[in-house]
Amino acid sequence: MRTFLICWLWALPVLAQFTPDEMMKPYAYTNEAGEVFTCRLSYPQFPVEGKKYPLVLFLHGSTACGTDNRKQIAMGLPTLLSSFLKQRAQVIVVAPQCPPGILNWWVTKIAMSAEYSATKEIAPSLEVALELCNHLVRDKQADPDRLYVTGLSLGGFGTWDAIQRYPEMFAAAIPISAGGDTKLAGNIASVPVWVFHSQDDKNVNVECSRRMVKALKAAGGKVTYTEYAKGGHNSWDRAYSDTNVVKWLLEQTRKKQPWWKFWRWF
């Protein structure tokens, strides 16, 4: 045990210098249909056999769509990973990448200024991302009671959509610079959510977050809202660099639900 602690403390300065490309290793997930999906995965440096670790699903913005399995880790995620390192947090972080094209986004439509309405069917890329989380829960020591989702811009819309469709799946969420379906706010009243947006965001109107926060509060939801006076569309670096945000996220634990609610995703 003493040797383990010495190794861990010695490694921290080295880990702090790692780039996201070094920390987030390429990972391939094959679904039941035999389709292979690539993503990036960061795993605890010294995992303990049999121990379960928090899992953070990171959803990138629209400019990171592609097939290179790299662009999705360039924006927002470096700051988040740095905060995890500063907290010495042992977490699993997974960052899938949407293929090119609007039909492959986390949500198949967005409303950057007007009221947003979710589509009846889940977007294929988001469905695969959630399947990937289920796989990591089953096979890679991820803790099903500490599954978190966060995303920026398009990924923020995906974050709202994920928890509104599967609220029993998540312990907490951090949607940034995005909006959700206010009509479904009651679905996530029990899910702790911390929302971030900037007043001067020219890409996604700040009212998108304001409306969701108002709807959640009306539904009795557990919502915290941080609105920056300035920052433009990039609220994520400021949010992710706040160690209080990371600490809050990892303190959340999913409420126990009746077993029959889990048939959709286990």
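**Entry 1: overall**

I began with burial: 53% of the 266 residues of the chain count as buried (under 20% relative accessible area with a 1.4 Å probe, protein chains only; exposed is over 50%, partly exposed in between). The model is predicted, so I took local features only at pLDDT of at least 70 and side-chain atom pairs only at pLDDT 80 or more, while totals for chains, interfaces and linings use all residues. I number residues from 1 along each chain as its sequence is written, and side-chain values use heavy atoms, with hydrogens and water left out.

I then looked up the confidence, pLDDT, which the predictor gives each residue from 0 to 100. The chain has a mean of 88, and 88% of its residues reach 70 or more. I noted that residues 3–16 have pLDDT below 50, with 14 contacts in the model beyond near neighbours in sequence (contact: heavy atoms within 4.5 Å). Residues 258–266 are also below 50, and that stretch has 15 such contacts.

I count eight helices and eight strands, taken as DSSP runs (H or I of at least four residues for helices, E of at least two for strands) and numbered from the N terminus. Of the contacts between residues at least 6 apart in sequence, 72% join residues at least 24 apart.

**Entry 2: helix 8**

I listed the buried residues of helix 8 (residues 243–251) as V245, V246, W248 and L249. They sit on the same side of the helix because they cover an arc of only 160° around the axis, taken from the directions from the axis to the C-beta atoms. Exposed N244 and E251 are on the face turned away from that buried side.

What do the buried residues of helix 8 pack against? I found strand 3 (53–59), helix 3 (77–86), strand 5 (142–152), strand 6 (172–176), strand 7 (193–198) and helix 7 (236–240). At the start of helix 8, I found a side-chain oxygen of D242 within 2.9 Å of the backbone nitrogen of N244.

**Entry 3: nonpolar cores**

I took a nonpolar core as a set of buried Ala, Val, Leu, Ile, Met, Phe, Trp, Tyr and Cys residues joined through side-chain atoms within 4.5 Å. The largest has 50 residues, and L130, W160 and F170 have the most contacts inside it. Helix 4 (residues 124–139) gives the most to this core, seven residues. Another core lies apart from it, with 30 residues, including F58, A172, A239 and V246.

**Entry 4: aromatic pairs**

I found five aromatic pairs in the structure (rings of Phe, Tyr and Trp, the last by its six-membered ring, with centres within 6.5 Å; planes under 30 degrees apart are stacked, over 60 edge-to-face, the rest tilted). W194 and W248 pair edge-to-face, at 5.5 Å centre to centre with 90° between the planes. The two are 54 residues apart and link distant parts of the chain, W194 being in strand 7 and W248 in helix 8. Are W194 and W248 buried or exposed? I have both as buried. Ring pairs join W194, F196, Y228 and W248 into a cluster.

**Entry 5: positive phi**

Q141 is in the loop between helix 4 and strand 5. S177, also other than glycine, has a positive phi near 55°. S177 lies in the loop between strand 6 and strand 7 and is buried, with a relative accessible area of 0%.

Notes:
A polar contact is a pair of N or O atoms within 3.5 Å; within protein, one must be able to donate a hydrogen and the other to accept it, and residues adjacent in sequence count only if both atoms are side-chain atoms.
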